[in-house]
Amino acid sequence: MSTSARIRALADKQAIYDQMCRYIQAVDRCDLELLKSTFHHDGSVIFGIFDGNAHDFCDYDIPFIKDNLVWAYHRIANVVIELDGNRATAESYMLGNAAAALPDGNKINCPDNMRYRDVWEKRDGVWRMWKRDLVMDWNACWAYAGRSDGRFADYRVQGTRGREDLTYRMKLIP
Amino acid sequence: MSNNNELALLQELEDKQALREVSTLFARALDRADGPLLASLFADGAQVSIGAFSGPASEFVAGGISPAGLERSFHSVSNEFYQIDGDSARGEIYVIDVATWNTDGGKTDTLIGGRYVDAYSKVGGAWKIARRTFVHEWNMSFPTTTVWDEGLFGMIKLRGTRGKDDPIYTILGGQA
């Protein structure tokens, strides 16, 4: 491979990784437009909670998250990207943590380990997902163990859904 | 070899790689209580807001590596998102800090999930943290159930420490 092609392959993988982070930003901040920007308009997903067009999924998913989860937090790891010109396949591990409210008002804590199985396409110079499927590998339901007293009272900067989050003020999210 | 566009791509890749190393070394500095390493990661005049602390990085270094009651910590970072703008940059990094604390009458394990939201500046060719704010997302507290000396865990002889006797400092057989 030429030096030029090698640099471009690295840059392509970095661009896809950045978009994987973008997707998580969008989900954790409940930012519908940002979420849509990670998919091509003709993309599709198989998520179980929704199978079908990717932008329709986004319209469904953000209210779904707001309705069902008190908060959600997703980490990605073990990213493998296989480039094939302007298309790429990818797998990434997702280590999620979320809190849900029970009908009796108590909360539970649900860590979940899943994988995203993706097909990415570069169109007009921008990598976006053409397919993203969610594969469940592990989950747990734990009694809620969060606290806000003691040293936890010191954490004054709290992550939020919506544009009040610090990432918007820092212009990390448009 | 390459045109200007490819050199720009290469520059961005190098910048992002260097910023990842800054965030990784920040975690090492906290977990190993390595004050000189921590201090080396900040630009002059850098500001830090983490938990109870908000102020100059130079003051954060002393307290940041030795919170009262902390026995051990493990800061694991992921989702590293950087935006480069010449010699300045911004970033968001997910972090989970798993820690054991000596508390009244026992030990407590805590997990704290959040994000570092940062500004960086490139000083003399090296990326430094200009501002770091920890954004708290969630936490958990449990009574410690750690096993050190029995069974499978007891067989693992290299142990992390908060000091220069940690195995990472003796990777090539050197003395701490």
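The pLDDT is the predictor's confidence in each residue, on a scale from 0 to 100. By that score, chain B of this predicted model averages 93, and 97% of its residues score at least 70. For the complex, the predictor gives an ipTM of 0.92 and a pTM of 0.94.

Beyond the neighbours within four places in sequence, Asp118(A) is in contact with Met20(A), with Ala88(A), Thr89(A) and Ala90(A), and with Met129(A), Lys131(A), Arg132(A) and Asp133(A).

Charged pairs come next. Side chains of opposite charge can pair when their charged atoms come close. Over all chains, the search of the whole structure finds 23 salt bridges. One of them joins the side chains of Arg87(A) and Glu121(A), with an N to O distance of 2.6 Å. Arg87(A) belongs to strand E4 (residues 87-101) and Glu121(A) to strand E5 of chain A, so this pair ties together parts that are 34 residues apart in sequence.

The side chains of Arg115(A) and Asp137(A) meet in a salt bridge of 2.7 Å, N to O. Because Arg115(A) lies in strand E5 and Asp137(A) in strand E6 (residues 126-139) of chain A, the pair ties together parts 22 residues apart in sequence. Arg115(A) is partly exposed, with a relative accessible area of 21%, and Asp137(A) is likewise partly exposed, with 44%. A further salt bridge, again 2.7 Å from N to O, is formed by the side chains of Asp133(A) and Arg117(A). Here Asp133(A) sits in strand E6 and Arg117(A) in strand E5 of chain A, 16 residues apart, and the pair links distant parts of the chain. Asp133(A), with 9% relative accessibility, counts as buried. Salt bridges with shared partners also join residues of both chains into one network, made up of Arg29(A), Asp165(A), Glu92(B), Arg115(B) and Glu137(B).

Most residues other than glycine have a negative phi. Cys30(A), however, has a positive phi, near 55 degrees. This residue is placed in the loop between helix H1 (3-29) and helix H2 (32-37) of chain A, and Cys30(A) is buried, with a relative accessible area of 9%. In chain B, Ala33(B) has a positive phi near 55 degrees as well. Ala33(B) occupies the loop between helix H1 (4-31) and helix H2 (35-40) of chain B and, at 23% relative accessibility, counts as partly exposed.

Val147(B), Leu152(B), Phe153(B), Met155(B) and Ile156(B) make a nonpolar surface patch of about 540 Å². Within this group, Met155(B) lies in the segment after helix H4 (151-154) of chain B. With a relative accessibility of 61%, Met155(B) counts as exposed.

Methods: Residues numbered from 1 in each chain as written. Chains lettered and ligands numbered in written order. Predicted model: local features only at pLDDT ≥ 70, side-chain atom pairs only at ≥ 80, totals over all residues. Heavy atoms only, no water. Contact = heavy atoms within 4.5 Å. Patch = residues over 30% accessible without salt bridge, like charges linked within 9 Å, V, L, I, M, F, W, Y side chains within 5 Å. Areas by Shrake-Rupley, 256 points an atom, 1.4 Å probe, with all protein chains shown as cover. Salt bridge = Lys/Arg side-chain N within 4 Å of Asp/Glu carboxyl O. Helix = DSSP H or I, 4+ residues; strand = E, 2+ residues; numbered from the N terminus. Buried < 20%, exposed > 50% of the residue type's maximum accessible area, 1.4 Å probe, protein only.
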